[in-house]
Amino acid sequence: MRKKDPEVFQTVSDGLKKLYKTKLLPLEEHYKFHEFHSPALEDADFDNKPMVLLVGQYSTGKTSFIRYLLEQDFPGMRIGPEPTTDSFIAVMHGDVEGLIPGNALVVDPKKPFRKLNAFGNAFLNRFVCAQLPNPVLESISVIDTPGILSGEKQRISRGYDFAAVLEWFAERVDRIILLFDAHKLDISDEFSEVIKALKNHEDKIRVVLNKADQIETQQLMRVYGALMWSLGKIVNTPEVIRVYIGSFWSHPLLIPDNRKLFEAEEQDLFKDIQSLPRNAALRKLNDLIKRARLAKVHAYIISSLKKEMPSVFGKENKKKELINSLGEIYSRIEREHQISPGDFPNLKKMQEQLQAHDLNKFQPLKMKLLDAVDDMLAHDIAQLMVLVRQEETQRPNQVVKGGAFEGTMNGPFGHGYGEGAGEGIDEVEWVVARDKPMYDEIFYTLSPVNGKVTGANAKKEMVKSKLPNTVLGKIWKLSDIDKDGMLDDEEFALANHLIKVKLEGHELPSELPAHLVPPSKRKIPE
């Protein structure tokens with residue numbers, strides 16, 4: 001029986017903070033969640049801008065990619081073929097250009113990095129924040145990571161747990177971009193480890209196959225296939241991860257054959273990144289739900305272990321026995337509480353962590369704490385979902401602006417400009433007129449009456465294109481400008497022009513662009 005009405009929240013981020021502190025945090029603290037999985041969340045985690053995490057082997061072009069997006073250098077950037085970026089660099093917006101070292105960053109309550117101090121000095125000496133005034137950074141922050149090592153270099157230890165740091169970031173960012181170099185696809189052991197550390201965040205991962213202009217088309221197809229195959233082995237998801245192919249730096253294309261493909265891919269990737277501010281609240285909500293589910297499972301595991309421990313003798317032996325049979329405990333919890341196996345923490349890692357703990361100091365099952373989290377998942381989250389939608393409609397045009405996002409939006413270098421239905425956009429003459437004599441010949445064979453052919457007669461001709469009826473229906477709607485159910489010679493020529501556009505692989509416009517309207521049908525300005 002639910003006793004009280006759901007909470008009322010002003011904004012999504014206030015709602016998330018309050019729910020976390022009042023309902024989820026008590027459960028986390030009671031069962032030592034932070035020692036096992038991830039540090040407690042702070043206000044800055046709920047307030048910060050969307051973050052994009054770049055991950056890749058060295059010299060796959062991570063730093064160049066950031067430079068490409070911002071269209072300017074940032075403090076502390078070094079670009080080169082060897083592992084040049086050996087630090088984590090958070091590239092963020094600031095009024096003055098400069099670098100903030102890691103130790104200062106983790107004490108700043110306004111930045112979402114305070115909990116990184118747990119990784120110690122070896123890490124903090126390799127963590128900086130580059131601040132600069134740049135329009136792109138007004139809506140997102142980008143995290144550049146050290147190049148992932150391959151071969152011999154992997155053995156030289158970094159002095160901190162690289163995979164664990166990445167996992168910490170993965171939990172908090174909105175997008176993870178894995179960069180691959182089309183030249184060298186070998187996924188090193190460390191890279192495999194890293195991709196595995198990103199498990200449970202597959203929904204945030206996008207893959208970029210960079211430097212694709214440096215190989216021939218046939219080779220590119222093979223590389224793409226090989227990449228999908230190797231990723232499939234590491235990332236176990238039913239959906240295929242989206243891979244964007246291109247050359248993300250501002251140098252001339254070495255092999256320009258695939259320019260159109262790269263343009264289309266870049267447009268898609270930019271749209272994906274631009275949508276981040278709009279979906280940020282939803283992502284934070286989603287992450288809180290994931291965290292709550294893990295915290296519940298964790299509570300069941302910890303309390304089960306506590307229950308099995310003897311109160312006086314044989315503690316050490318029992319502890320060993322319990323850790324060894326943790327898999328069976330998982331299965332039992334799964335059955336008893338109807339929990340899906342995907343919600344459980346990694347078995348091996350959990351067994352390692354338990355070695356260091358005194359199981360007797362664990363807490364027994366406290367249903368009140370679990371009920372609070374269930375209540376939050378069942379009721380309060382639904383309230384917040386409504387608020388997320390409201391906030392989205394109030395701020396519909398929240399997209400990333402500036403930098404590389406400006407260059408391709410409008411003007412003649414916008415995607416698809418002057419191609420397909422856009423052909424002839426800048427010309428004085430009606431573009432359809434070029435081929436009209438040819439279309440006229442067909443038109444007069446269709447026995448026009450009063451200069452028009454009937455729908456049935458036009459259809460006989462149009463179906464010869466073998467295009468599906470849905471497409472031909474759309475072409476008819478665009479071409480029958482006076483909506484009389486018949487086509488005159490100009491409308492018929494226009495219909496054939498649009499069929500040609502579609503057969504050449506372009507999309508049809510949803511409304512007829514002004515430059516395609518036949519001259520005699522154009523409204524004379526008053």
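Predicted model: local features only at pLDDT ≥ 70, side-chain atom pairs only at ≥ 80, totals over all residues.
Which order do its strands take? Reading across, we get E3-E4-E2-E5-E1-E6-E7-E8. That's an open sheet of eight strands, and the pairing is mixed. At the edges sit E3, residues 98-101, and E8, residues 243-245, each pairing on one side only. From one strand to the next, the twist averages 25°.

Let me zoom in on one pair. E1, residues 51-56, runs parallel to E6, residues 175-181, with five bridges between them.

Helix H4, residues 62-70, goes over E1, E2, E5 and E6, at about 145° to E1. Then there's H10, residues 259-274, which lies across E6, E7 and E8 and runs at about 135° to E8. You'll notice E6 turns up under H4 and again under H10.

Okay, moving on to the helix packing, and here I'd like you to follow H15, residues 367-394. How do H1 and H15 cross? Their axes come within 10 Å, at roughly 165°. Anything over 145 degrees counts as roughly antiparallel, so that's what we call H1 and H15. The crossing is left-handed. On the H1 side the contact includes Leu16, Leu19 and Leu27, and on the H15 side Val373, Ile381 and Leu384 are among the residues involved. Sorted by class, this contact has 15 nonpolar residues, two polar and four charged.

H15 also packs against H11, at an angle of about 175° and with the axes 10 Å apart. H11 and H15 are therefore roughly antiparallel too. From H11, the contact includes Leu282, Leu285 and Ile289; from H15, Val373, Ile381 and Leu384 are among the contributors. By class, the H11 contact comes to 16 nonpolar, one polar and five charged.

The one I'd point you to joins Asp343 and Arg293, with their closest N and O atoms 3.2 Å apart. Arg293 is in H11, while Asp343 sits in the loop between H13 and H14, so to speak a link between distant parts of the chain, 50 residues apart.

Okay, that's me done.

Key
Residues numbered from 1 in each chain as written. Heavy atoms only, no water. Axes fitted to C-alpha atoms, helices over the stretch in contact; angles between N-to-C directions. Helix = DSSP H or I, 4+ residues; strand = E, 2+ residues; numbered from the N terminus. Parallel < 35°, antiparallel > 145°, perpendicular 65-115°, else oblique. Left-handed = near helix turned anticlockwise from the far one by under 90°. Contact = heavy atoms within 4.5 Å. Nonpolar A, V, L, I, M, F, W, Y, C, P; charged D, E, K, R; others polar. Pairing = 2+ DSSP bridges. Salt bridge = Lys/Arg side-chain N within 4 Å of Asp/Glu carboxyl O.
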